[in-house]
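Please open the model in your viewer and keep the selection panel at hand. The stops below say what to select next and what is there.

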Amino acid sequence: MNSIEVGGAPSSTMPLALPFTVAAWNLERCLFPPESAAHLAATQAPVVLLSEMDNGMARTGQRHPTAEVADRLGMHYAYGIEFIELGLGSDTEREFCEDDFNAKGFHGNALMASVPLSRPFMLRLWGERLWFTDGEQPRLGERFAIGAVIETEAGPFVAVSTHLESATTAAYRERQVRELIDALDEAFPGLPMLIGGDLNTGNHAGGDFEAEGLFAMSTARGFTRHGGPLEVMTTRPSLITRWPERAMKLDWFLSRGLTIGETRIIP
């Protein structure tokens, strides 16, 4: 639960040229690795942050989608385990299971890049084990952030892929981000940082992402948020999440020490 799997092969060993694109995507288990890789390739992003990636789960054919996506994109990857799933998943997820068991039961987040990832790290976020006794999706574990230092023509920066807790309040998520920033500042003083992923903003707050204290707190710590047009949501109905009325703005980047251009939400 505290180890990092590093794999794949970067397509270049040179520092990233400026400017470059970073993509973040909650892939909801990643049912379709080749198609997902193709969609990411179309963005031409050399840095990719992924959430909700299975490994050895029946609902995703016992595959390791992170490794498959990285292989197709020619990327180095770091993968960590958010939860060990104690069941097969929700009712909708069981529809995709051909087996009645999980070979591994791993579910986590990933960071990948077309250049080498140096000093990879994993930071377990504060939590109260809210999912362990969940009747539909019992899980062992807690949310976390995974990251690494990436070299660019202008020097190194820290890229962090994270996934905050959904089944709780804004104050809970604010504490997770505050302690994450504290840990990053201690480990990488002075380095520019980009934190991104599914921050689950607005959950248990009627969808009001502006009710999240994590934005004011991170601003006070020198970070700027980037989420595309504020009126454009980042969720949509999918094969896993089938409720069209639950459109929410969950996904963001928080940057410090970097010059950020346009932020787009890609259907």
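Predicted model: local features only at pLDDT ≥ 70, side-chain atom pairs only at ≥ 80, totals over all residues.

Residues are numbered from 1 along each chain as its sequence is written, and side-chain values use heavy atoms, with hydrogens and water left out.

Select helix 4 (residues 170-187) together with helix 5 (residues 213-220), whose axes come within 8 Å and cross at roughly 25 degrees; the axes are lines fitted to C-alpha atoms over the stretch in contact, with angles running from 0 to 180 degrees between N-to-C directions. Helix 4 is therefore roughly parallel to helix 5, a term for angles under 35 degrees.

Next, show the side chains at this contact (heavy atoms within 4.5 Å): Ala-170, Arg-173, Glu-174, Val-177, Arg-178 and Ile-181 belong to helix 4, and Gly-213, Leu-214, Met-217 and Ser-218 to helix 5.

Now move to Asn-109, which lies in strand 5 (residues 106-113). Asn-109 counts as buried because its relative accessibility is 0%, the limit being under 20% relative accessible area with a 1.4 Å probe and protein chains only. Two distances can be displayed from its side chain: a polar atom there lies 3.5 Å from the backbone nitrogen of Glu-52, and the side chain reaches the backbone oxygen of Phe-144 at 3.4 Å. Finally, select the residues that Asn-109 touches, leaving aside those up to four places away in sequence; among them are Leu-50, Tyr-79, Ile-146 and His-163.

How values were computed
Helix = DSSP H or I, 4+ residues; strand = E, 2+ residues; numbered from the N terminus. Parallel < 35°, antiparallel > 145°, perpendicular 65-115°, else oblique. Buried < 20%, exposed > 50% of the residue type's maximum accessible area, 1.4 Å probe, protein only. Polar contact = N/O pair within 3.5 Å; in protein donor to acceptor, adjacent residues only side chain to side chain.
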